[in-house]
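This report describes the strand order, helix packing, nonpolar cores and backbone geometry of one protein model. The sequence and structure are shown first.

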Amino acid sequence: MRIAIDLLGGDHAPEVALGALEQLLQLHPEWEYLAVGREEELARLPKAKQLLPVACGSMMAMDEDVRNLLRKKDSSIWIATELVKKGEADAIVSAGSTGAQMTAATLLLGRVKGVQRPAIGTVLPTLQGGRLLLDVGANPDCTPELLLQFAQMGTTYAHCVLGIEKPRVALLANGTEDHKGSKLTQAAFALLQESSLNFLGNREGRDLLNGEYDVMVCDGMSGNIALKSLEGAIAALMLMLKEKLSANLLRKLGASLIMPGLRELKKSMDYQEYGGAPLLGVNGVSIICHGSSKERALLRACEVAAQCLESRFVEELGRAVQ
């Protein structure tokens, strides 16, 4: 398996990607890695026969207008995606601009036959393990038919990559009753109920972390707001716990007794344990990582890419949507 890694993507580039590569070479020496970066980043690569440097001339900034991508075809994200298109790599992993990665994948790899629009899915850490939420930003305006297709794509991902035999699908709404929601969600509810999917019905935002579903479907704006709200709430909760438990000596002593449990809690709610998720609907494996990803997240993202390839996820997705 050959993975193209964008050295310049993410808030902590290139250090995170370079560190992840060192770990990958130890854990998965049977894979090949195509590291895409400028000359100064390539000069810092560890020496290994499985590691192939690929030069680029520029990068897409995290907040850069994606329309600039067509003027920057020498950027790391464009060249890394092009390696997949040419068959020189089997997958791409990047923690860079989500918009740039999606645009590059759509233009270079194209869509799976039958897919109306690709979607961005993310695996949420819940009380019962990883659960898929989509769309989280690619399609702010949706039709009911598009939400049905998101459910089909999410079901295929949950089955192939998360290993769930018959994934349970839920629709994000403002109430669990059948009649709740906007005109969009009400119409999507009817389509999902008539489909062959394992549809549970509506679920509310407070259900996102209980894990009593496998795939949660929504439009891109709702999904992005839900995702960012959860990230902010979890980060604030961890900070409050740290402040309160270290307020005085007595609390510090008590905190030392429960520290193993707190570490387990922090790990169970850490998105880095799930690495990233593929762009659903593009004709190739393109794994999107969180912009603030550290080494562990990039390592896990490469393992997700391997699962997608081994399970023939893209081919299975094509059969599902048709």
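Arg-312 is found in the loop between H9 and helix H10 (313-321), where helices (H or I, at least four residues) and strands (E, at least two) are DSSP runs numbered from the N terminus. The phi of Arg-312 is near 55 degrees, a positive value in a residue other than glycine. Most residues other than glycine have a negative phi, and most peptide bonds are trans.

## Basis of the model

The model is predicted; local features need pLDDT of at least 70 and side-chain atom pairs count only at pLDDT 80 or more, whereas totals for chains, interfaces and linings use all residues. Residues are numbered from 1 along each chain as its sequence is written, and side-chain values use heavy atoms, with hydrogens and water left out.

## The sheet

An open sheet with mixed pairing is formed by 11 strands, in the order S3-S2-S1-S4-S11-S10-S5-S6-S9-S7-S8. Two strands are taken to pair if DSSP finds at least two bridges between them. Strand S3 (51-55) and strand S8 (198-203) stand at the edges with a single partner strand each, so one side of each is left without a neighbour in the sheet. On average, neighbouring strands are turned by 25 degrees against each other, direction ignored; the axes are lines fitted to C-alpha atoms, for helices over the stretch in contact, and angles run from 0 to 180 degrees between N-to-C directions.

Strands of a sheet pair through backbone hydrogen bonds, either parallel or antiparallel. Strand S1 (residues 2-6) pairs with strand S2 (residues 32-37) in the parallel sense over 5 bridges. Within this pair, Ile-5 stands opposite Ala-35. S1 is also joined by 3 bridges to strand S4 (residues 91-94), and these two run parallel. The bridge partner of Ile-3 in S4 is Ala-91.

Of the 5 residues of S1, 4 are buried (under 20% relative accessible area; exposed is over 50% and partly exposed in between, with a 1.4 Å probe and protein chains only), so S1 is largely enclosed by the rest of the structure. In S2, Tyr-33 is the bridge partner of Ile-3. The chain crosses from S1 through H1 to S2 in a right-handed β-α-β crossover; right-handed means that, with the strands pointing away from the viewer, the path from the first strand over the helix to the second runs clockwise.

Helix H1 (residues 15-27) has 13 residues, which at 1.5 Å a residue should span 18 Å, and its end C-alpha atoms are 19 Å apart, which agrees. The expected span is 1.5 Å times one less than the number of residues. The buried residues of H1 are Val-16, Ala-17, Leu-18, Gly-19, Ala-20, Leu-21, Leu-24 and Leu-25. Their cover includes S1, S2, helix H2 (39-42), S3 and helix H9 (295-310).

All 5 residues of strand S11 (residues 285-289) are buried, so the strand is largely enclosed by the rest of the structure. Val-285, Ile-287 and Cys-289 point one way, and Ser-286 and Ile-288 the other way.

S4 and S11 pair in the parallel sense over 4 bridges, with Ile-287 as the bridge partner of Val-93. Strand S10 (residues 276-280) runs antiparallel to S11 and is joined to S11 by 3 bridges. Here Ile-287 is the bridge partner of Pro-278. The hairpin of S10 and S11 has 4 residues between the strands, and Gly-281 takes a positive phi near 110 degrees.

## Nonpolar cores

A nonpolar core is a set of buried Ala, Val, Leu, Ile, Met, Phe, Trp, Tyr and Cys residues joined through side-chain atoms within 4.5 Å. The largest has 64 residues, of which Val-93, Phe-150, Tyr-157 and Val-217 touch the most other members. Helix H5 (residues 144-160) gives the most to this core, with 9 residues. A second, separate core of 38 residues includes Leu-69, Val-136, Tyr-213 and Leu-279.

Glu-303 lies in helix H9 and is buried, with a relative accessible area of 19%. Leaving aside neighbours within four places in sequence, Glu-303 is in contact (heavy atoms within 4.5 Å) with His-28 and Trp-31.

The peptide bond from Ala-13 to Pro-14 is cis, with omega near 0 degrees; Pro-14 is found in the loop between S1 and H1. Another cis peptide bond joins Leu-134 and Asp-135, with omega about 0 degrees. Asp-135 is found in the loop between strand S6 (129-134) and H5.
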